Each structure stands twice: as structure tokens, then as C-alpha cells.
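Thanks for coming. I have one structure to go through today, and I will take it piece by piece.

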Amino acid sequence: MDQSGYDKTDFYDLFTVYGRRTMFTTLDKETHARRRRILADRYANSNIMRGPALAGIEERSRHFAELSLHAYAFDCVTHHLFHPYGTDSLRNESDAEIMREVTFDDSIQNRLVSFYSPAVYAIVNPVLAWFAKPRETPLADDFVLDTAAKTDAAHFTLLARMHERQHPYPPDTKDEEDRLSKESGMSGGFDALDAAAESLDHMAAGIDTTGDALCFLMWELSMPRSLHFQERLRRELLDNAAKGDDALPFDRLLFLDAVIMEGLRCFPAIPMSLPRVVPDQHWGRTPRADQQQQSNGRVIDGFFLPAGTVVSSQAYSVHRMDTTVFPDPDTFNPDRWLASDGDSDRKRSFFAFASGGRGCIGKQ
Ligand code: HEM
């Protein structure tokens with residue numbers, strides 16, 4: 001959807017960090033594309049599968065069953081963002097406290113009401129505050145603000161990338177800060193607060209998604225109906241490990257890949273609607289003659305939608321609605337990903353990481 005020019009809606013104002021727009025919360029595609037181009041190389045498979053980046057993940061996987069999947073996700077993500085300043089929440093209680101603070105932050109309910117219904121929010125806010133507080137993550141803030149200031153993080157980390165693209169001078173006044181903040185969107189550079197905001201955003205984006213996805217998948221694999229899949233997966237991993245130096249890297253294990261894809265298809269960690277605005281231009285391409293008259297909107301599935309209309313897709317439905325692509329869609333069946341027939345249709349309909357330019361940068 002994004003590659004054809006749909007901007008994000010102001011729904012994403014709910015997620016700004018330290019008053020800054022991050023890559024995730026940037027609304028317009030040009031500003032977003034500039035920032036994404038800078039950060040994307042640290043999330044490329046070639047960067048992730050390299051020695052020091054992978055070693056940290058392997059080290060953590062040895063301890064992950066000891067405590068919690070979210071702690072494992074937290075430690076892996078912070079390793080990738082900050083190494084050697086990543087957390088060790090699987091074994092260190094103060095790091096675990098930060099993980100719990102981010103994971104159990106329920107302020108989104110409060111923020112959703114304020115976005116969708118400001119009038120109701122004004123009335124019920126005092127009551128709502130009893131159930132869902134404003135975003136308060138002081139431990140995570142301290143950790144991120146301290147860590148984002150480190151200048152010697154390993155080369156493969158996101159932090160190193162942001163330091164490479166730091167603003168040459170810090171702002172002295174609020175006006176200067178506003179100007180730089182605007183410019184950072186333009187030039188793609190980062191000041192200290194941008195780097196901290198971007199770090200907190202990626203940290204939060206990686207913990208619950210990865211932790212929940214692993215949790216749902218392990219639950220499914222533990223069910224009697226899926227034990228034969230669990231056994232096949234175990235066999236593939238053991239056979240591969242037995243090959244010693246000839247073992248394939250994890251991203252080339254076919255059944256493992258099929259199991260993960262099917263887990264994310266059945267139980268997408270972000271199943272909800274992701275809103276976008278219908279653009280008024282044929283962004284990035286010249287309209288065909290028959291499209292000229294629609295240049296102030298788009299036709300989707302035969303319906304004309306004027307520019308500015310808010311549309312959305314959500315993984316839960318996309319993964320179930322076309323039964324020619326995903327037959328028997330509620331059944332967990334990794335084998336569907338191994339069939340050669342319909343492979344490109346399945347991949348095109350896979351929406352757990354969204355898709356296009358605003359899709360998940362951390363999906364590798
Ligand atoms: C199973 C794991 C994950 C799932 C299912 C997932 C899913 C998603 C989805 C659906 C989006 C689009 C959100 C939207 O349009 O509002 C997204 C964006 C994003 N994700 Fe993930 N994610 C996962 C893991 C991660 C990890 C590990 C990181 C980083 C360490 C990460 C960082 C991000 C960022 C920064 C964005 C915003 C990208 C942009 O706007 O250009 N995600 N993710």
C-alpha cells in the first residue's frame with residue numbers, strides 16, 4: 001500500500017517519542033523514506049547474520065527458556081540496537097524490571113480513547129486514569145537516554161548508524177532545536193533526542209511483537225494436534241546441528257521458516273488495522289491515461305475512494321479472507337508454505353509485518 005503513496009494518518013501522533021517523530025511515526029512518505037534509507041542497512045539480513053550480531057542472539061537463546069519470551073526478545077533487540085550496552089534481563093533483575101515496564105505499559109488504551117473520541121476522553125479521563133495511565137516508563141527512559149549517548153557501540157548496531165549521521169552541533173535554544181528537528185526530517189540526521197526517541201521506538205516495537213509471536217507459536221506447537229510438526233522441527237534442527245561446520249545458517253532451514261511463517265500467519269502479533277490516507281497523486285509513477293481522472297483518489301477493489309479517505313488493512317483478516325490462497329485458513333499447517341504452487345500469492349498475502357515502504361524494518 002505504501003509504495004503506491006499512501007501516507008500514515010495522524011493516528012500515529014499517539015506514538016511520538018519525547019515529542020519527536022521517529023521513522024515509525026513520520027506521516028509523509030518523503031520524510032519517512034529519507035530516514036528509513038539511513039537505518040535500513042542495520043536491519044539487512046547481511047548485517048544481522050554476521051558474526052558479532054548473530055553471536056549475541058545465540059548467546060541469549062541459550063538462556064531464553066529459563067525465564068520469559070519477552071525478556072529474550074528484549075535482550076536480543078537491545079543487543080542489536082546497542083551492543084555492548086544491550087540488556088541481560090534473562091539473568092539481571094534490574095534489566096528485567098525495565099522489560100516489564102515496557103511490556104506492561106497499558107497507556108495505549110488511554111491514548112486510543114483520546115484519539116478516537118476527544119470529547120468522551122475529556123469526560124472519562126479521570127475515571128480512565130484509574131485503569132490506564134499516561135505513558136510512564138521512567139526506567140526505560142533512563143536506560144535509553146543514557147545508552148543512546150554512548151559513542152562506541154558496535155558497528156552493526158542501530159546506535160552506531162545514528163551516531164554516524166549525528167547533527168554536527170547541538171541546539172542551544174528551543175528555536176534552534178525546533179529548526180534542527182525539522183531539518184532532521186529533511187536531511188535524515190539525528191540529534192541526541194532523535195537517537196533516543198528512535199531507539200526507544202525500535203525497542204518497544206521489537207519486544208512485544210517478538211515475545212508474543214514466540215509465545216503463540218510455542219503454544220501451538222505444544223498442542224497434541226501439532227506434535228508431529230514439533231517433532232519434524234526438532235529433527236530438522238538436530239540433523240542440521242549434527243553437520244557441524246557444514247550446518248546451514250538458520251535462515252536457510254526450510255521447515256523452520258515454514259513453521260515461523262505459519263505461526264505469524266495464524267497469530268499475527270499486530271492483528272489490528274493500520275490506517276493510511278488515500279493519496280491525491282499517483283506517487284512515484286506516471287498515471288496511465290485511464291487513471292488520470294482518478295488522480296484525486298484511488299480505485300480499490302472497484303470502489304472509488306477520494307483522496308484523504310482513511311483506509312486500512314489488518315493482518316488477521318488478510319490472512320484468512322482468500323481461501324484460494326490460504327485454504328482452511330484457521331488450521332495451523334506449516335506445510336502450506338512448502339508447496340511450490342501458489343508460493344508468490346501466499347507471500348504477497350502475508351501481512352504480519354505489513355508491507356511496502358512502511359512495513360516492519362525488523363522483520364529479518
Ligand atoms: C514478530 C516480530 C514483529 C512483528 C510481527 C512486527 C510487525 C510490524 C508491523 C505490522 C509494522 C507496521 C506498523 C504500522 O504500520 O503501524 C512494523 C513496523 C516497525 N517495526 Fe516491527 N515487527 C516485529 C519485530 C520488530 C523488531 C524486532 C523491530 C526492531 C528491533 C521492529 C521495528 C519496527 C519499526 C522501527 C517499525 C516502523 C517502520 C517504519 O515506519 O518504517 N519490529 N512492525
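Which residue of β5 does leucine 274 stand opposite? That residue is serine 313. Before going further, note that this is a predicted model.

Let me stay with the strands. Leucine 274 faces serine 313, and the two strands concerned, β2 (residues 273–277) and β5, pair in the antiparallel sense over five bridges. They belong to an open sheet of three strands, with the order β1-β2-β5 and antiparallel pairing. The edges are β1 (7–8) and β5 (310–314); each has a single partner strand, so one side of each is left without a neighbour in the sheet.

Strand β3 (residues 297–300) and strand β4 (residues 303–306) run antiparallel and are joined by four bridges. Arginine 298 has leucine 305 in β4 as its bridge partner.

Now the ligand. How many residues surround the ligand? The count is 23, and the closest are Ala205, Gly206, Thr209, Cys360 and Gly362. By class, the shell has 13 nonpolar, seven polar and three charged residues. Helices α4 (69–82) and α11 (192–222) each supply at least two residues of that shell. The most come from α11, which gives seven residues.

Next, a helix pair. Helix α5 (residues 93–103) packs against helix α8 (residues 138–148) at an angle of about 115°, and their axes are 8 Å apart. The crossing of α5 past α8 is left-handed. On the α5 side the contact is made by Glu97, Ile98, Glu101 and Val102; on the α8 side, by Leu139, Ala140 and Phe143. Sorted by class, the residues of this contact of α5 with α8 are five nonpolar, two charged and no polar.

Aspartate 330 lies in the loop between α15 (315–318) and α16 (343–349). Is aspartate 330 buried or exposed? Aspartate 330 has 9 other C-beta atoms within 10 Å, and a residue counts as exposed at 12 or fewer, so aspartate 330 is exposed. Aspartate 330 is 63 residues apart in sequence from phenylalanine 267, and the two are 9.8 Å apart in space, C-alpha to C-alpha.

That is the set. I can go back to any of these on the screen.

Technical notes. Residues are numbered from 1 along each chain as its sequence is written. This is a predicted model: local features need pLDDT of at least 70, side-chain atom pairs count only at pLDDT 80 or more; totals for chains, interfaces and linings use all residues. Axes are lines fitted to C-alpha atoms, for helices over the stretch in contact, and angles run from 0 to 180 degrees between N-to-C directions. A crossing is left-handed if the near helix is turned anticlockwise from the far one by less than a right angle, and right-handed if clockwise. Two residues are in contact if their C-beta atoms, placed from the backbone, lie within 7 Å. Ala, Val, Leu, Ile, Met, Phe, Trp, Tyr, Cys and Pro count as nonpolar, Asp, Glu, Lys and Arg as charged, and the others, Gly among them, as polar. A residue is near a molecule or strand if its C-beta atom, placed from the backbone, lies within 6 Å of it. Two strands pair if DSSP finds at least two bridges between them. A residue is buried if 20 or more other C-beta atoms lie within 10 Å of its own, exposed if 12 or fewer, and partly exposed in between; C-beta atoms are placed from the backbone.
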